[in-house]
Amino acid sequence: MASAGAADTLVPAAPTASAADPFPGVYISPWGDADVELSDELLGWMRDHGITLDAISPFVMAPDGRSFSMPIGSTAGDGLDSRGRIFYPGGLNFHHAASDKTITLKPTYIRVMPTPGYSAGVTVNGVPRADEVMIADTTPAEALLGARPSPTGFRLEKVPFRITAEASKLFAEVTGDEGPRVGSLLGTLTPNFDYIPGRTPTGFPGF
């Protein structure tokens, strides 16, 4: 079985659960991909403040710059890591022309618990600034509202992620300009999860 984020060779055998698993019984597929559609408000804020965005491979920006795709990775077998996160390889660069500052968001995580959200490590012009910042968040109800089965697993439809106060403050401090509005929609996330062949998932759908 081949899918985005998985090698185009043989799929490795599914790891077995153990007492060391951070969340025993909770299955989060390490195979699949996700699409992010950026909101009109975020795109308008970027345009008004001279900010350009590019994706760090294996993230891929759409030609119109309004969305990007990203493969799902794994750092803890087929489960959440010890912080309740799913790892996505790749990241984003936000370049602010007036200050000549580039804010890089990498590594990328989608948090499942305790608060669902999008978090990332932060560097500014290549200098590390924070190991992890919550960039946007959502609610469990909003995340699960769009849960749907798919031919190879399950997907969540257009989960809304909203800018946090922490992220807005970060952009303002780094650039000396106005940060995105707190609580405004960063965009929507539509992840597709592929089950490991031959294994029946247990627990609840993550994202």
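Analyst: Strand β2 (residues 51–56) and β6 run antiparallel and are joined by six bridges, where strands are DSSP runs of E with at least two residues, numbered from the N terminus, and two strands pair if DSSP finds at least two bridges between them. This is a predicted model, in which local features need pLDDT of at least 70 and side-chain atom pairs count only at pLDDT 80 or more, while totals for chains, interfaces and linings use all residues. Residues are numbered from 1 along each chain as its sequence is written, and side-chain values use heavy atoms, with hydrogens and water left out.

User: Which residue in β6 is the bridge partner of Ile51?

Analyst: That partner is His96.

User: And is β6 mostly covered or exposed?

Analyst: Strand β6 (residues 91–96) is mostly covered, since five of its six residues are buried, buried meaning under 20% relative accessible area with a 1.4 Å probe, protein chains only.

User: What about β6 and strand β7?

Analyst: Strand β7 (residues 101–111) pairs with β6 in the antiparallel sense over five bridges, and His95 has Thr102 as its bridge partner in β7. The hairpin of these two strands has four residues between them, and there Asp100 takes a positive phi near 55 degrees.

User: Changing topic, where is Ser119 found?

Analyst: Ser119 is found in strand β8 (residues 117–124). Its relative accessible area is 0%, so Ser119 is buried.

User: Which side chain does Ser119 join in a polar contact?

Analyst: The side chain of Glu132, at 2.6 Å; a polar contact is a pair of N or O atoms within 3.5 Å, and within protein one must be able to donate a hydrogen and the other to accept it, with residues adjacent in sequence counting only if both atoms are side-chain atoms.

Note on methods
Buried < 20%, exposed > 50% of the residue type's maximum accessible area, 1.4 Å probe, protein only.
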